[in-house]
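Here's a quick tour for someone meeting this structure for the first time.

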Amino acid sequence: MSAKEESPLKKVCIICAKGTIEDVYATLVMANGAVMEGIEAKLFFTFFGLDAITKKRMNKLHTGTVGNPALRMPGGLPFPSLLGMLPGVEAGVSTMMKSQMEKLDVPPVDEFIEMITAGGGELYACKLGMDMFNLEKEDLHDEVRDVLTVGDFYAMCGGENTQIIFT
Amino acid sequence: MAEKSIAGKSISLNEEGFLTDASQWDQEVAKELANEEGIELTEQHFEVLEFLRNAHEKGETLTIRKVGKSGITDIKGLYKLFPGGPLKLSSKIAGIPKPTSCV
């Protein structure tokens, strides 16, 4: 595939508002993919997305086993929500997801964040979300640059060929 | 696909400028490919290129994480060596195909 865009993408601003494995990894994969292509990336974590940058929680994310119609058993059969309700099932499924990703060389959240910032990506936390969940800057991964209002974040999203992505 | 004369050799490249035959590569070719990208190759660059070529030969899927753990340099270092394309540019200069991994 030849990718000779006349006016290539220069910057992506990615907003992560949910804290499941799949939502957080969508954000991180998109951001890492951007910096690896020389595209500037700015990430804004809000509401449950804050789990992705909260030290205590970032490596313990889960995927929902209830009300998730796309979830399948290893053999491909649908995963019954009733089963997902049982204690430990969500944790077990989440562990399986993570080991599957590890096989594909997808790193744990904290390491992934370090890879993104090593490439120049910038991480920010939402002020309102932090206040709601009683979080302090010290609770967040050291690579998080700042706690911002929505207005502050939008102010960073200017410029030609910039896209805002909501995962 | 096109033939291009690089470092006095005729090299076949695909439309994105990646070598289609990794065996046509040598250090002189690498230097010229790097020049086109504005990179002056150092000893450390060559270590990364060797690592990539070896992994490619073994049929491994390359990721930036793997290269970052090679012991040659860390991920930050890779971005410094190959600005704007730590895995893509390095693969191009190493004469191997464009990486197919998303990480």
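## A helix with a buried side

Let's start in chain B, where helix α1 (residues 27-36) has B:V29, B:A30, B:L33 and B:A34 buried. These four sit on the same side of α1(B), because they cover an arc of only 135° around the axis. Keep in mind that this is a predicted model.

So what do the buried residues of α1(B) pack against? Their partners, again in chain B, are β1 (2-6), β2 (9-13), α2 and α5 (88-93).

At the start of α1(B), the backbone nitrogen of B:E28 has a side-chain oxygen of B:D26 within 3.0 Å. After α1(B) comes B:G38, with a positive phi near 75°.

## The nonpolar cores

Now for the insides. The largest nonpolar core counts 65 residues, and A:L28, A:F45, A:I53, B:L49 and B:I93 have the most contacts inside it. Helix α1 (residues 21-36) of chain A gives this core its largest share, eight residues.

Zoom in on A:F45: leaving aside residues up to four places away in sequence, it touches A:L28, A:I53, A:L123 and A:Y124, among others. There's also a second, separate core of eight residues, including A:F44, A:L148, A:F153 and A:C157.

Is B:E43 buried or exposed? B:E43 is exposed, because its relative accessible area is 62%, over the 50% cut-off. You'll find B:E43 in helix α2 (residues 43-57) of chain B. Its C-alpha atom is 17 Å from that of B:L87, which lies 44 residues away along the chain.

Technical notes. Residues numbered from 1 in each chain as written. Chains lettered and ligands numbered in written order. Predicted model: local features only at pLDDT ≥ 70, side-chain atom pairs only at ≥ 80, totals over all residues. Heavy atoms only, no water. Helix = DSSP H or I, 4+ residues; strand = E, 2+ residues; numbered from the N terminus. Buried < 20%, exposed > 50% of the residue type's maximum accessible area, 1.4 Å probe, protein only. Core = buried A, V, L, I, M, F, W, Y, C linked by side-chain atoms within 4.5 Å. Contact = heavy atoms within 4.5 Å. Arc of directions from axis to C-beta. Polar contact = N/O pair within 3.5 Å; in protein donor to acceptor, adjacent residues only side chain to side chain.
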